Amino acid sequence: MTEFTLALTVFLAAHSVPAAPRVRDRMVSAMGLRLYLFTYSLLSIALLAWLVVATRRADTIVLWHPAAWQWYVALVLMPFALFFGVSGLLTPNPLSISLRGGEEPGPAVAVTRHPLLWGFLLWAAAHIPANGDLATVVLFGSMSAFAGLGFHLLDAKARGRLGQERWRELSRTYPNIPFVALLAGRVRISTWKPLVFAAAASLALYAWILLQGHALLVGSDPLASVRALG
């Protein structure tokens, strides 16, 4: 478990950098924004690959035995996780993490002000029931808690960047709980095209993960597991 503990600690520490403005700003100032994003992306991929390998190498300590319903939890939640993640990355969001700049929130922010974090949280939480060994539960449990903490860290960061008045205005209009603002009629989506594109891209990615991607990246086939336990 030593390698797994080290890999998880380094992974979580590296992903705390975007939420630490002083550290991030120094790195961006020294490297430039594009080089920083490119380097950080490569580092994230490398650390994730190491973490997956370390998890598979860890001693197997069974906490509960597998059942078909546990896999169905992941199968149901993952399309939503992918949608939140893809839409969050592609829409302007001054309140949270996004690949696109902009002072005005995009359509995905009308769903929740932290779509990318919700995608990360759902992804992590969805994989806990289907993986009953200690290392995997610690892995996805830690990532779920990390995403939950990220809500508060990013809110504090946005409050400092936007100012108290602007933050209060936007946070009331765009709450964190998904779909609350839409269902209450407090916000309207001006154009659905970005969300439709994100939904289509998410479904395509989900199909690839089910049919091939999960087996290639992680080494296990979720559909085969469901058939074996069903």
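This is a predicted model: local features need pLDDT of at least 70, side-chain atom pairs count only at pLDDT 80 or more; totals for chains, interfaces and linings use all residues.
The surroundings of L95 can be given in detail: when residues up to four places away in sequence are not counted, L95 touches V109, R113, H114, L154, A158, R161, L162, W167, L170 and Y174.

Against α10, α4 packs at an angle of about 135 degrees, the two axes lying 8 Å apart. An angle over 145 degrees would count as roughly antiparallel, and α4 and α10 are therefore classed as oblique to each other. The crossing of these two helices, α4 and α10, is right-handed. On the α4 side the contact is formed by L75, M78, P79, L82, F83, V86, S87 and L90, which meet L195, F197, A198, A199, A201, S202, L205, Y206, I209 and L210 of α10. By class, the residues of this contact between α4 and α10 comprise 16 nonpolar and 2 polar, with no charged residues.

The packing of α4 with helix α11 (residues 222-229) has an angle of about 150 degrees, and the axes are 9 Å apart. Because angles over 145 degrees fall in that class, α4 and α11 are roughly antiparallel to each other. In this case α4 passes α11 in a left-handed crossing. The contact brings A68, W71, Y72 and L75 of α4 against P222, S225, V226 and L229 of α11, and the residues involved in this contact of α4 with α11 divide into 7 nonpolar and 1 polar, with no charged residue. L75 of α4 is listed in the contact with α10 and also in the contact with α11.

S96 is located in the loop between α4 and α5, and with a relative accessibility of 14% S96 counts as buried. When neighbours within four places in sequence are left aside, S96 is in contact with R113, H114 and L154, residues that L95 touches as well. The C-alpha atom of S96 is separated by 21 Å from that of K193, a residue 97 positions apart along the chain.

F146 is placed in helix α7, where its relative accessibility of 22% makes F146 partly exposed. The C-alpha atoms of F146 and A124 are separated by 9.9 Å, with the two residues 22 positions apart along the chain.

F179 is found in the loop between α8 and α9 (180-184), and its relative accessible area of 38% places F179 in the partly exposed class. Most residues other than glycine have a negative phi. F179, although not a glycine, has a positive phi of about 75 degrees.

Definitions and conventions
Residues are numbered from 1 along each chain as its sequence is written. Side-chain values use heavy atoms; hydrogens and water are left out. Contact means heavy atoms within 4.5 Å. Axes are lines fitted to C-alpha atoms, for helices over the stretch in contact, and angles run from 0 to 180 degrees between N-to-C directions. Helices (H or I, at least four residues) and strands (E, at least two) are DSSP runs, numbered from the N terminus. Angles under 35 degrees count as roughly parallel, over 145 as roughly antiparallel, 65 to 115 as roughly perpendicular and the rest as oblique. A crossing is left-handed if the near helix is turned anticlockwise from the far one by less than a right angle, and right-handed if clockwise. Ala, Val, Leu, Ile, Met, Phe, Trp, Tyr, Cys and Pro count as nonpolar, Asp, Glu, Lys and Arg as charged, and the others, Gly among them, as polar. Buried means under 20% relative accessible area, exposed over 50%, partly exposed in between (1.4 Å probe, protein chains only).
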